[in-house]
Amino acid sequence: MNAATEQEGQQGHVESRVFNPPADFTANAAVSGMEAYNALCAEAERDYEGFWARLARENVDWQTPFTRTLNEDNAPFYKWFEDGKLNVSYNCLDRNLQNGNADKTAIIFEADDGTVTNVTYKDLHAKVCKFANGLKSLGIKKGDRVVIYMSMSVEGVAAMQACARIGATHSVVFGGFSAKSLQERIIDAGAVAVITADEQSRGGKQLPLKAIVDEALAMGGCDTIKNVVVYKRTGGNIGFTEGRDIWLSDLVDNQAAECEPEWVEAEHPLFILYTSGSTGTPKGVQHATGGYLLWAALTMKWSFDIKPSDVYWCTADIGWVTGHTYIAYGPTAVGATQVIFEGIPTFPHAGRFWETVQKHKVSIFYTAPTAIRSLIKASDADEKVHPKSFDLSSLRLLGTVGEPINPEAWMWYYRNVGGEKCPIVDTFWQTETGGHMITPLPGATPMVPGSCTLPLPGIMAAIVDESGADVPNGQGGILVVKRPWPSMIRTIWNNPDRFKAGYFPEELGGKYYLAGDGAIRNKDTGYFTITGRIDDVLNVSGHRMGTMEIESALVANPLVAEAAVVGKPDDTTGESICAFVVLKQARPTGEDAKKIAAELRTWVGKEIGPIAKPKEIRFGDNLPKTRSGKIMRRLLRVLAKGESITQDVSTLENPAILEQLKETA
């Protein structure tokens, strides 16, 4: 393949730039060159179960080896390695004590204020064992659910690993979510305990965590909660309920630094992670132990080409799946040294990321396109925070996650951060997939800006039409995966029917995994480019939110009669939220409209979380509806983009409303 190769971009744009991996990178890579990639793909095609069985035996330590690789008897509720037993914490920690990594740095923790703490694998093992013994002393056991509501910290990772060690299923809730969101997740999971902190430090501010837990529990319905474990992060003044609340330090102080792992079945639920759907209620994505751990470890080796000498840094939060797979579990499973960062990229200045890379000699850097785009703007405004003002020579590999990266942001990242020598792995995957699905392999795949390129070996990705038939390359369609794979979602917690309908719809034959994204493949290379969601889920800064969830929050406000939410392209966040609102009073204008819009943004922030606040709110006397009463969202999407409506509006009941809805409050 050469620089003349063409790649279709998201809006039909043809991307002709191609960047080959550096020869010295390829020479030492885990997957070296396209021949090695093609050989792995061919092995999977030739003997699918044998391929996965080999990888599971090579990359995971089993207490009881498995004899059955894949059970498809009750499709789509697939089971992998089901008669095998293992423990994730053992694989991530004990294995490193046995293979000479005991004194190796596992975590370089950089606090919001710049304070640095180094934690070895031996230290982390002891911390997790004490934490696990403390949880056992509270009566928490295999199969119990524990909600973790913490910010980025060593303790947050230790909490996850401690749950895994005793066979408890954790459900991490992002520390920016509201009390109501937390309450809903506690109730759905039937959690017996919450692990939290007094406060979190972000951008020089102390933000409440324990107070939000108290508020969530006071809302009612959380009767399963017996204990709240509190990590003292800031020493802030908090309420304390005797008999229920316990300081983490008191829980672990007198515990033994050894804890025998609970050996669990490969299909035992390791965690539930709630993600937004197109209906109002969040859905608990359930992941199994064995298959998930295998893919976390394997993608660290394949996608990130992890070496013993690397200093790896993923900037995600443990509240999202990226923080699960590529902070809590993947790096520790392969014995990596990683940076964990508490703060934000713009505090105390917008060069914080580059300063941190320089300080810790980071070699692998993995972040979101949103962060890159915001830092491009900051760099343009102030050369002191430009990446070129820092020594980034330690970097050898870059990655992006959360949403497609636009080609020009890719080029800026490649030139200014990677110095035109670092491959970029543009990783497509989802909460439901457990790990990377389509991504360049850094020592093999020629890279095209804006394209996630080719599926990983063993991932049978395809693009089909609405009946499930394959579409030719060069024609857009629906992204599916045709065969089950080990790290896939097992079900939606307590809702198997929703799982089947949402991910294995009958319209596609009930056998293909529906990713929920549109995609197109290049005619010549077969490279994939993701073109956006096919359902009503927005992707803001890499965080997925259901439009229904935001609409429900708006309509819950006493001022609001009706609301419709759509996404619109945004240079910084990828997609921003635009809300069209009908009030129970006359349509406001001018300063009144601005005042009410501000009130509604604050309301949504409290109901769901700050990330869900609409960037734009537009008021109308009504919403554009068909004569049968259906909201014409396609028209709202056009209005949100500021484009002229050229579609047929003959079925529209109230065409005059479109002029009103062009105005932003």
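**Close-up views of a predicted model**

**View 1. Helix H18 and what sits around it.** Just after H18, glycine 642 takes a positive phi of about 75 degrees. The model is a predicted one: local features need pLDDT of at least 70, side-chain atom pairs count only at pLDDT 80 or more, and totals for chains, interfaces and linings use all residues. Residues are numbered from 1 along each chain as its sequence is written, and side-chain values use heavy atoms, with hydrogens and water left out. Helices (H or I, at least four residues) and strands (E, at least two) are DSSP runs, numbered from the N terminus. Why is H18 (residues 633-640) called largely enclosed by the rest of the structure? Because six of its eight residues are buried. Here buried means under 20% relative accessible area, exposed means over 50%, and partly exposed is in between (1.4 Å probe, protein chains only). The buried ones are Arg633, Leu635, Leu636, Val638, Leu639 and Ala640. Their cover includes H16, strand S30 (560-570), strand S31 (574-583), strand S32 (616-619) and helix H19 (657-660), where contact means heavy atoms within 4.5 Å.

**View 2. Helices H16 and H17 crossing.** The axes of H16 (residues 547-555) and H17 (residues 590-607) come within 9 Å and cross at roughly 120 degrees. Axes are lines fitted to C-alpha atoms, for helices over the stretch in contact, and angles run from 0 to 180 degrees between N-to-C directions. H16 and H17 are therefore oblique to each other; angles under 35 degrees count as roughly parallel, over 145 as roughly antiparallel, 65 to 115 as roughly perpendicular and the rest as oblique. On H16, look for Ile550, Ala553 and Leu554; on H17, look for Leu600, Trp603, Val604 and Glu607, which together make the contact. These residues split into six nonpolar, no polar and one charged. For that sorting, Ala, Val, Leu, Ile, Met, Phe, Trp, Tyr, Cys and Pro are nonpolar, Asp, Glu, Lys and Arg are charged, and the others, Gly among them, are polar.

**View 3. Strand S6 and its two neighbours.** S6 (residues 105-110) is mostly covered, with five of its six residues buried. It pairs with S7 (residues 116-120) in the antiparallel sense over five bridges; two strands pair if DSSP finds at least two bridges between them. The two form a hairpin with five residues between them, and glycine 114 in the turn has a positive phi of about 95 degrees. S6 also runs parallel to S19 (residues 337-341), joined by four bridges. Which residues does glutamate 110 face? Valine 116 stands opposite in S7, and phenylalanine 341 is its bridge partner in S19.

**View 4. The hairpin of S28 and S29.** S28 (residues 537-540) and S29 pair in the antiparallel sense over four bridges. Leucine 538 has methionine 545 as its bridge partner. Two residues lie between the strands, and serine 541 takes a positive phi near 55 degrees. Both faces of S29 (residues 543-546) are covered: His543 and Met545 on one side, Arg544 and Gly546 on the other, all buried.
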